[in-house]
Amino acid sequence: MSAARIAAIRARLEAAFAPAQIDIIDDSARHAGHAGARDGRGHFKVHIVSAAFAGMPPLARHRAVYTALGELMQTDIHALQIEALPPAHG
Amino acid sequence: MDVNERIKALLDAHPLVLFMKGTPQYPMCGYSSRAVQVLREVAAPFHAINILEDPELRAALPRYANWPTFPQLFLHGELLGGCDIVLELKASGELLRLAQETAPHGTAA
């Protein structure tokens, strides 16, 4: 279930941002048992680097990620830790 | 009162509002707990609301704020962000600057 969720998240984010780098970690085990984890959805961490984030303030970057994930935020994701960055300047 | 009017009234009454899971004393989620900790580190006076005890607010805020998760931190009625963004703002020094602007008699920008 975890692998399928990660694949679904990755597919959405790759389609939306064509990221130079993307890492997704299932952090659900660390939150097992706490009240928010009882509905069966997962906790994930996303590290994503994309030129699409250049010039966007943090709030807009996070909103863009949430928008790209769409209904996954309701069906599969309970909490999402986001690191969304533009590519580093050379 | 309509729930959106309740949210507006809360945001009008307090410059800095944290909608969180649990209370600052007893946070029920690691992300809410971290947000409280960071606000305390910059000595920002904030008004905390436990959305676990207010299902109507909990259901309405994601749409109101255009933000799907909690905690949610609002400054002068505008969403600043969730836990990650609060941490980012702390790291960049921005949060300390915003906290110092949050004077009790300050007017909303």
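Reply: A nonpolar core is here a set of buried Ala, Val, Leu, Ile, Met, Phe, Trp, Tyr and Cys residues joined through side-chain atoms within 4.5 Å, where buried means under 20% relative accessible area, with over 50% called exposed and partly exposed in between (1.4 Å probe, protein chains only). The model is predicted, local features need pLDDT of at least 70, side-chain atom pairs count only at pLDDT 80 or more, and totals for chains, interfaces and linings use all residues. Residues are numbered from 1 along each chain as its sequence is written, chains are lettered from A and ligands numbered from 1 in the order in which they are written, and side-chain values use heavy atoms, with hydrogens and water left out.

The largest nonpolar core has 55 residues, of which A:Ile9, A:Leu13, A:Val65, A:Leu69, A:Leu80 and B:Phe19 touch the most other members. Its largest share, six residues, comes from helix H3 (residues 58-69) of chain A.

In chain B, four strands form an open sheet with mixed pairing, in the order E2-E1-E3-E4; helices (H or I, at least four residues) and strands (E, at least two) are DSSP runs numbered from the N terminus, and two strands pair if DSSP finds at least two bridges between them. Strand E2 (47-50) and strand E4 (78-81) of chain B are at the edges with a single partner strand each, so one side of each is left without a neighbour in the sheet. From one strand to the next the twist averages 30 degrees, with axes taken as lines fitted to C-alpha atoms, for helices over the stretch in contact, and angles running from 0 to 180 degrees between N-to-C directions.

Strand E1 (residues 16-20) of chain B runs antiparallel to strand E3 (residues 72-75) of chain B, and four bridges join them; B:Leu18 stands opposite B:Leu73 in E3(B). Helix H1 (residues 3-13) of chain B packs on the sheet, touching E1, E2 and E3 of chain B, and its direction makes about 135 degrees with that of E1(B); contact means heavy atoms within 4.5 Å.

E3(B) and E4(B) are also antiparallel, joined by three bridges, and B:Phe74 has B:Leu79 as its bridge partner in E4(B). These two strands form a hairpin with two residues between them, and B:His76 in the turn has a positive phi of about 50 degrees.
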